[in-house]
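Trainee: Hi! I'm new to this one, could you walk me through it?

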Amino acid sequence: MLAFVLVCEMETLKVTLSVSGNDFIVRANHILEPGWKKYQRISKSQNEENEDTIQEIENINWSNLVFKHVSALEKKTKPPKYYNEALFLAFMENPKGSEDQKLKGIGTAATRHTFISKLKKLKFIKEMRKNLIVTNEGNSLLKLI
């Protein structure tokens with residue numbers, strides 16, 4: 001249902017501060033138009049977790065900053081999600097790279113589906129719970145490329 005609601009418009013600010021040869025990056029998003037986020041449900045645990053990381057940055061005098069306290073936070077990250085066949089085919093059609101890279105798709109719509117079966121047959125990938133997993137042979141191939 002959220003796919004039919006207006007887009008969420010945000011302004012992103014990234015500031016890199018250099019102190020004694022160490023770079024600190026501060027990122028913040030300012031929502032200009034909430035759009036679909038207005039209707040998004042956030043669980044209580046997610047909301048509590050994000051309260052600590054919210055930073056008020058609109059009224060900061062960036063030319064006169066003083067570090068009072070710096071601490072490291074220990075957090076766990078999640079690995080990227082595995083590709084399934086549908087996501088893999090979509091990526092081959094319209095690959096996403098970094099902002100400065102222009103990437104072209106692989107194959108045609110008629111031939112893309114054959115790539116997955118060939119990669120499985122050559123044991124470069126295997127399927128586990130509908131996810132495509134790179135095998136040791138696949139990793140060796142990637143190192144060669």
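Trainee: Which residues are linked in a network of salt bridges?
Mentor: In this predicted model, the network links E85, K120 and E127.

Trainee: How many salt bridges does the count come to?
Mentor: The count comes to 2 salt bridges. K120 forms one with E85, where the closest N and O atoms are 2.9 Å apart. K120 also forms a salt bridge with E127, and there the closest N and O atoms are 2.7 Å apart.

Trainee: Back to K120 and E85, which parts does that pair tie together?
Mentor: K120 lies in helix α3 (residues 112-121) and E85 in helix α2 (residues 85-93), so the pair ties together parts that are 35 residues apart in sequence.

Trainee: New topic: strands. In which sense do β3 and β4 pair?
Mentor: They pair in the antiparallel sense, over 4 bridges. Strand β3 covers residues 125-128, and strand β4 covers residues 131-134.

Trainee: What is the bridge partner of M128?
Mentor: That's N131, in β4.

Trainee: How many residues are between the strands in that hairpin?
Mentor: The hairpin of β3 and β4 has 2 residues between the strands. Have a look at R129 while you're there: R129 takes a positive phi near 50 degrees.

Technical notes: Residues are numbered from 1 along each chain as its sequence is written. This is a predicted model: local features need pLDDT of at least 70, side-chain atom pairs count only at pLDDT 80 or more; totals for chains, interfaces and linings use all residues. Side-chain values use heavy atoms; hydrogens and water are left out. A salt bridge is a side-chain nitrogen of Lys or Arg within 4 Å of a carboxyl oxygen of Asp or Glu. Two strands pair if DSSP finds at least two bridges between them.
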